[in-house]
Protein chains: 2
Amino acid sequence: MTYTPLTDSHLDALRQIVGADRLSTRSADLDLHARDQSFHEPRPPDVVLWPETTAEVSAIVSFANAQRIPVTAWGAGSSLEGNPIPVHGGILLDFTRMNKVLNVRAEDFQVDVQPGVTRIELNKQLARFGLFFPPDPGADATIGGMVANNSSGIKTIKYGATKDNVLRLEVVKADGEVIQVGSRARKDSSGYDLLHLFVGSEGTLGLITEATLKLRPLPDKFSAVLAAFPDIESVIQTVVDIVGMGLDPSALEFLDSETAHALNLDKNLGLVEAPHVLMEFNGSSDADGVAEARSICEANGATDIRTATGQEERNKLWQARHHTYETLLRLHPGKAQQIVDVCVPISHYPEIVAFCAQLMAEKQLLGYKFGHAGDGNLHMNIIYDQSNPAEFALVKSVNALIVEHAIDLEGTSTGEHGTGIGKRTFALKQHGAAINTMRLIKNTLDPNGILNPGKIFLD
Amino acid sequence: MTYTPLTDSHLDALRQIVGADRLSTRSADLDLHARDQSFHEPRPPDVVLWPETTAEVSAIVSFANAQRIPVTAWGAGSSLEGNPIPVHGGILLDFTRMNKVLNVRAEDFQVDVQPGVTRIELNKQLARFGLFFPPDPGADATIGGMVANNSSGIKTIKYGATKDNVLRLEVVKADGEVIQVGSRARKDSSGYDLLHLFVGSEGTLGLITEATLKLRPLPDKFSAVLAAFPDIESVIQTVVDIVGMGLDPSALEFLDSETAHALNLDKNLGLVEAPHVLMEFNGSSDADGVAEARSICEANGATDIRTATGQEERNKLWQARHHTYETLLRLHPGKAQQIVDVCVPISHYPEIVAFCAQLMAEKQLLGYKFGHAGDGNLHMNIIYDQSNPAEFALVKSVNALIVEHAIDLEGTSTGEHGTGIGKRTFALKQHGAAINTMRLIKNTLDPNGILNPGKIFLD
């Protein structure tokens with residue numbers, strides 16, 4: 001694809017759509033939209049626009065399509081795979097002014113939102129109805145970004161990923177046409193599931209201008225169990241037993257001994273420096289799940305078991321998992337973290353963990369392993385020196401080896417961060433011939449390739 | 001689209017692929033594949049093939065595509081919207097010989113199956129692992145059919161529809177190419193979600209030759225509550241309160257007073273002839289949910305409450321919901337039933353129920369209303385005389401009015417039976433411009449329109 005360089009007359013036309021005060025070519029604004037939270041090379045857009053209505057978004061995209069100018073959507077900039085970096089420049093649409101909670105339909109357990117509202121603000125507004133939107137990627141992402149990247153995180157084992165919690169989207173297509181996909185019915189078997197085609201497409205098939213989300217009642221019962229094990233095999237046997245007993249945990253996390261060590265240093269938690277399972281239950285009583293979970297942990301040889309009943313105790317125990325990234329930042333000042341994100345069938349979790357450990361030892365790198373073990377999703381934060389190109393190259397090659405091994409284990413190159421820029425090279429290995437079907441759909445829905453070019457597919 | 005009439009030389013070529021013993025043009029075989037469980041006009045295919053391997057399916061489809069011969073997939077013939085009726089004739093692929101459970105991965109809570117295995121046979125084989133595949137449409141459908149139609153049913157409120165319980169598919173495209181979509185990872189953010197594009201596409205985008213399904217532990221704790229209410233508003237307030245309290249029922253059903261009357265006649269259940277809520281819980285104890293559900297029912301004015309603890313008592317109570325269709329058949333011998341299937345946001349459930357009741361009174365028809373109230377899914381079985389064309393036309397027009405009203409209430413033309421033949425006329429009203437995007441995708445993936453023509457879209 002070749003794109004048209006942005007000219008002054010393009011800028012004049014765009015000012016006609018959004019007004020001069022919601023268009024900027026100032027370098028401060030461009031630089032703010034040049035990078036996300038990943039290590040990918042920054043690239044500023046040529047212009048930033050702040051649309052306020054679907055009609056404006058439609059007019060901008062329609063104009064850009066006619067002129068062959070790239071359009072990249074932007075939420076909070078919190079993604080981890082370069083997903084919103086405008087690698088071909090052009091127009092960046094910052095959705096933060098479309099941030100309204102439009103309609104809380106408490107009786108329907110639904111809410112209509114604009115894409116720029118953030119997860120934490122949304123959940124604040126929902127709390128007064130006793131409801132919440134469960135997907136929790138950690139960062140305070142916008143809902144539009146969460147839908148575009150199919151975010152998930154800690155609560156996915158119970159509540160599903162973002163894709164499982166979206167009912168309906170309003171989407172602006174590459175030609176500017178506005179369509180509605182999905183519906184406000186909780187079950188819908190009519191026509192093709194276009195909803196899930198747009199969810200997770202990272203703004204490459206259409207731009208989300210409104211979403212109807214599924215809500216859940218806010219839990220008011222909390223319990224948690226944190227247990228140390230002699231090895232990763234007993235960690236995973238515990239995970240399998242917890243799920244197999246139907247205990248329905250709201251989180252089922254893994255922490256390796258290095259992470260336990262880091263948490264001890266930073267927070268003085270006094271953890272056994274061994275692999276841990278951390279789980280939470282939101283059952284029908286404060287103590288729900290604790291006794292059963294404890295006995296499963298004991299049967300699998302846990303060497304240390306801590307339990308928590310009620311919200312306050314649970315919060316204390318959860319210090320061991322929240323803010324891992326910040327803990328590692330504090331322990332390694334001035335260093336960067338490459339976040340590995342792979343997902344495998346649970347039975348292969350011990351193998352991918354062992355593979356990572358061996359690779360770290362072999363390459364003399366430091367990596368902290370943790371993740372959403374109940375889903376088979378493993379992260380590893382590899383500490384490295386950003387100013388050392390050789391070390392950065394080594395870390396990238398190690399990440400590639402892990403991703404390829406995860407695919408060999410019938411897993412995926414990305415459990416929750418998306419394909420973005422960095423996972424494109426693995427798409428053919430993972431998807432085989434299906435990648436051609438994906439590209440066919442991209443070419444059909446965005447024939448000029450203006451929507452977030454340089455993502456999902458290698459150019 | 002125009003199709004090539006099947007000739008003897010085509011038949012010879014097909015015999016080369018599957019052998020003479022797995023190809024039939026006998027009228028008995030053609031007639032067996034001419035109709036599903038719906039009222040739609042039967043149409044026999046020109047030939048029935050029984051493939052046994054993906055390679056055979058690929059060769060057949062590739063040949064049919066080159067020759068412009070329609071190909072329609074067939075599972076158990078239990079669908080309710082004409083979905084597998086070969087309305088343009090051609091080749092019918094009967095998948096019942098591809099019925100193997102390939103690999104139970106108990107530790108991963110997954111199973112790999114061929115599309116022709118039926119739900120009941122699969123769950124029988126899974127039971128020895130303490131696992132099950134939750135979607136339950138009532139009929140003993142094949143898994144391929146359930147995936148193609150995105151079946152759901154009674155347990156959807158807790159476990160989701162079929163689309164929520166499929167991880168990976170092997171699909172034969174219209175050109176015969178075999179692709180893998182999704183993966184065995186429980187979470188996957190790589191590339192586009194082609195999996196959900198094929199789920200529910202009713203064999204119009206590709207043919208499913210293998211599926212990896214998500215499994216759950218078999219529940220061993222059961223409780224149930226059946227309660228009568230003075231009106232539909234208190235029924236729905238009860239549904240909202242049950243969900244809002246986080247009680248996580250595994251079923252949350254509605255029965256109207258006519259249905260209660262029918263059940264009394266057929267099974268002597270002694271029910272109050274009033275609207276009922278029937279719910280089930282599979283919690284952490286046999287009594288889980290019962291006390292809370294009872295007090296919610298009482299608070300909403302229930303006039304009769306029956307509770308059941310443990311599997312045996314629960315089964316007795318559930319007589320009120322299972323086999324409704326058969327009960328109505330027995331009460332109305334020789335009559336046909338038109339099954340309405342719409343779904344609306346829960347807050348609109350009272351309105352759609354009242355609309356149906358008023359319409360039945362106005363048109364002097366008899367309709368039994370029941371459904372998956374927790375999902376907003378309403379069914380009504382309208383009793384009519386198949387030999388009376390005027391009555392049949394009236395019933396069809398009444399169904400259309402109900403569907404249109406459901407769409408006006410921000411619902412869908414079909415909650416679980418699919419678009420098939422009968423819901424095509426409502427697709428434009430429901431989907432608006434998005435129907436063009438669906439058609440664009442159909443034309444891209446099946447340019448010759450050979451896959452199950454005459455479904456999803458009006459010709």
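How many residues does the contact take from chain A and from chain B? The contact takes 76 residues from chain A and 76 from chain B. This is a predicted model.

**The contact between the chains**
- Five elements of chain A each supply at least two residues to the side that touches chain B: β9 (178-182), α7 (194-198), α8 (232-244), α15 (427-431) and α16 (434-445).
- α16(A) gives the most to this side of chain A, with seven residues.
- By class, the side of chain A that touches chain B holds 34 polar, 26 nonpolar and 16 charged residues.
- Of the interface residues of chain A, 100% are also interface residues in chain B, so the copies meet through the same surface.

**How the two copies are related**
- Two copies of a chain are related by a rotation about an axis and a shift along it.
- Here, a rotation of 180 degrees superposes chain A on chain B, with 0.0 Å of shift along the axis and an RMSD of 0.0 Å.
- That relation is the one a two-fold axis gives.

**The domains of chain A**
- Chain A divides into domain 1 (8-96), domain 2 (98-217), domain 3 (223-324) and domain 4 (332-418).
- The centres of domain 2 and domain 3 of chain A, taken over C-alpha atoms, are 30 Å apart.
- Four residues of domain 2 of chain A are in contact with six residues of domain 3 of chain A.
- On the domain 2 side of this contact in chain A, two residues are nonpolar, two are charged and no residue is polar.

**Helix α13 of chain B**
- Helix α13 of chain B has 15 residues (residues 349-363).
- At 1.5 Å a residue, α13(B) should span 21 Å, and its end C-alpha atoms are 21 Å apart, which agrees.
- B:Y349, B:I352, B:V353 and B:C356 are buried in α13(B).
- Which exposed residues sit on the face of α13(B) turned away from its buried side? That face carries B:Q358, B:A361 and B:E362.
- B:Q364 follows α13(B), and its phi is positive, near 55 degrees.

Key
Residues are numbered from 1 along each chain as its sequence is written. Chains are lettered from A and ligands numbered from 1 in the order in which they are written. This is a predicted model: local features need pLDDT of at least 70, side-chain atom pairs count only at pLDDT 80 or more; totals for chains, interfaces and linings use all residues. Two residues are in contact if their C-beta atoms, placed from the backbone, lie within 7 Å. Helices (H or I, at least four residues) and strands (E, at least two) are DSSP runs, numbered from the N terminus. Ala, Val, Leu, Ile, Met, Phe, Trp, Tyr, Cys and Pro count as nonpolar, Asp, Glu, Lys and Arg as charged, and the others, Gly among them, as polar. Domain bounds come from an automatic or database domain assignment. The expected span of a helix is 1.5 Å times one less than its number of residues. A residue is buried if 20 or more other C-beta atoms lie within 10 Å of its own, exposed if 12 or fewer, and partly exposed in between; C-beta atoms are placed from the backbone. Copies are superposed by least squares on the C-alpha atoms of residues with pLDDT of at least 70 in both.
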